Amino acid sequence: MDINRIVFKIVSISFSILVALLIVMGLVKLGNYCYDFGYRVFTESPVDAEPGRDVVLQIGADMSEMEIGELLEEKGLIRDKLLFYVQLKLSAYSGKLNPGVYTLNTSMDARDMISVMAAKQEETTET
């Protein structure tokens, strides 16, 4: 009877240690992902080096900022639509992207693309 209790206690402690290790490993993985994502928000490089390739796309008036990110990702202008969305939300141009037809280049970073898509409104409001 004492042997059974001892074995059960050893198995119970081993299982607790295993669960704790899995939780720690999961937290480390999550921390690495979050750090990498946060780092990329401010340092993401363009998809291609100069001169890149021009891509024409049309932004509709009913498109959300996430849908614009999806379109840019589909066209090969950005690598990650969620990263673009966060970059846009952190910029001064959040909510200021304008519908229209744009010629963007794969050598442009997200900041450049955002400023091009928001510049049209600034030009029309000044005149």
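Q: What volume does the largest cavity have?
A: The model is a predicted one. In it, the largest cavity has a volume of about 120 Å³.

Q: How many cavities of 30 Å³ or more are there?
A: The count comes to 1 cavity of 30 Å³ or more.

Q: Which residues lie nearest the centre of the largest cavity?
A: Those are Glu44, Ser45, Ile78, Arg79 and Ala110, out of 15 residues that line the largest cavity. Helix 3 gives the most, with 3 residues.

Q: How do the residues of that lining divide by class?
A: The lining of the largest cavity has 9 nonpolar, 2 polar and 4 charged residues.

Q: Ala110 came up there. Is Ala110 buried or exposed?
A: Ala110 is buried, because its relative accessible area is 11% and the cut-off for buried is under 20%. The residue is found in helix 4. Leaving out residues up to four places away in sequence, Ala110 touches Phe84 and Gln87.

Q: How far apart are Ala110 and Val7 in space?
A: From C-alpha to C-alpha, Ala110 and Val7 are 59 Å apart, with a separation of 103 residues in sequence.

Q: And Gln87, where is that?
A: Gln87 is in helix 3. With a relative accessible area of 15%, Gln87 is buried. Apart from neighbours within four places in sequence, the contacts of Gln87 are Arg40, Val41, Glu44, Ala110 and Ile114.

Q: Let us turn to pockets. What is the volume of the largest pocket?
A: The largest pocket has a volume of about 190 Å³. Its lining consists of 13 residues, and Val41, Phe42, Gln87, Ser91 and Arg111 are nearest the centre. Gln87, already described as buried, is therefore one of the residues that line this pocket.

Q: Now the aromatics. How many aromatic pairs does the structure hold?
A: The structure holds 2 aromatic pairs. In one of them, the rings of Tyr33 and Phe37 have centres 6.2 Å apart and planes at 25 degrees, so this pair is stacked. Tyr33 and Phe37 are 4 residues apart in helix 1, which separates them by about one helical turn.

Q: What about the pair of Tyr35 and Tyr39: why is that one stacked?
A: The planes of the Tyr35 and Tyr39 rings are at 20 degrees, so the pair is stacked, given that planes under 30 degrees apart count as such. The ring centres are 6.3 Å apart. Tyr35 and Tyr39 both lie in helix 1, 4 residues apart, about one turn of the helix.

Q: Next, the core. How many residues has the largest nonpolar core?
A: The largest nonpolar core has 19 residues, and Leu72, Phe84, Leu104, Met113 and Met117 have the most contacts inside it. Two or more residues come from each of strand 1, helix 2, helix 3, strand 2 and helix 4. The largest share, 5 residues, comes from helix 4. As general background, nonpolar side chains tend to be buried together in soluble globular proteins.

Q: What is Leu104 in contact with?
A: Leaving aside neighbours within four places in sequence, Leu104 is in contact with Arg53, Asp54, Val55, Leu57, Leu72, Leu77, Met113, Val116 and Met117.

Q: One last item on the backbone. Which residues does a cis peptide bond join?
A: A cis peptide bond joins Glu50 and Pro51, with omega at about 0 degrees. Pro51 is found in the loop between helix 1 and strand 1. For context, most peptide bonds are trans.

Key:
Residues numbered from 1 in each chain as written. Predicted model: local features only at pLDDT ≥ 70, side-chain atom pairs only at ≥ 80, totals over all residues. Heavy atoms only, no water. Phe/Tyr/Trp six-rings, centres within 6.5 Å; stacked < 30°, edge-to-face > 60°. Core = buried A, V, L, I, M, F, W, Y, C linked by side-chain atoms within 4.5 Å. Buried < 20%, exposed > 50% of the residue type's maximum accessible area, 1.4 Å probe, protein only. Contact = heavy atoms within 4.5 Å. 1 Å grid on protein atoms, 1.4 Å probe; cavity = no way out; pocket = protein on both sides within 12 Å on 5 of 7 lines; lining within 4 Å. Points joined across faces, edges and corners; volume = space filled by probe spheres on them. Nonpolar A, V, L, I, M, F, W, Y, C, P; charged D, E, K, R; others polar.
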